[in-house]
Amino acid sequence: MQRGRPAPGPGTSTTPGGPGPALHALPPESLDALARSLLEPLSRLLRSELRGDRERIGRLRDTP
């Protein structure tokens, strides 16, 4: 008879490598730098996604 593993509790990681880096342990300066470095690539991806959606529905402008 095999026993199943217990379900992971809240706050536990289900990835094999364990939990990721604890962002709350980083100093605020490095969090600010991380946010600034991610802002441009994420905004570029979001703009291109929104542009593709507008092209798909046939409206190139966001006017009502």
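**One helix, questioned**

Colleague: What separates Asp-53 and Arg-56 in helix α1?
Modeller: About one helical turn separates Asp-53 and Arg-56, because they are three residues apart in α1. An α-helix has 3.6 residues a turn, so residues three or four places apart point the same way. This is a predicted model, in which local features need pLDDT of at least 70 and side-chain atom pairs count only at pLDDT 80 or more, while totals for chains, interfaces and linings use all residues. Residues are numbered from 1 along each chain as its sequence is written, and side-chain values use heavy atoms, with hydrogens and water left out.

Colleague: What makes the contact between Asp-53 and Arg-56 a salt bridge?
Modeller: A salt bridge is a side-chain nitrogen of Lys or Arg within 4 Å of a carboxyl oxygen of Asp or Glu. The N to O distance between Asp-53 and Arg-56 is 2.9 Å, so the pair meets that rule.

Colleague: How many salt bridges does the rule give?
Modeller: The count is two. Glu-40 and Arg-44 also meet in a salt bridge, at 3.6 Å from N to O. Both lie in α1, four residues apart, about one turn of the helix.

Colleague: Why is Arg-56 called exposed, and Asp-53 partly exposed?
Modeller: Buried means under 20% relative accessible area, exposed over 50%, and partly exposed in between (1.4 Å probe, protein chains only). Arg-56 has 64%, so it counts as exposed; Asp-53 has 26%, so it counts as partly exposed. By this scale Glu-40, at 53%, is exposed, and Arg-44, at 46%, is partly exposed.

Colleague: What lies at Leu-39 in α1?
Modeller: A kink of about 35° lies there, shortly before the proline Pro-41. The bend at a residue is the angle between axes fitted to the seven residues ending there and the seven starting there.

Colleague: How many helices and strands does the protein chain have?
Modeller: The chain has one helix and zero strands. Of its 64 residues, 0% are buried.

Notes:
Helix = DSSP H or I, 4+ residues; strand = E, 2+ residues; numbered from the N terminus.
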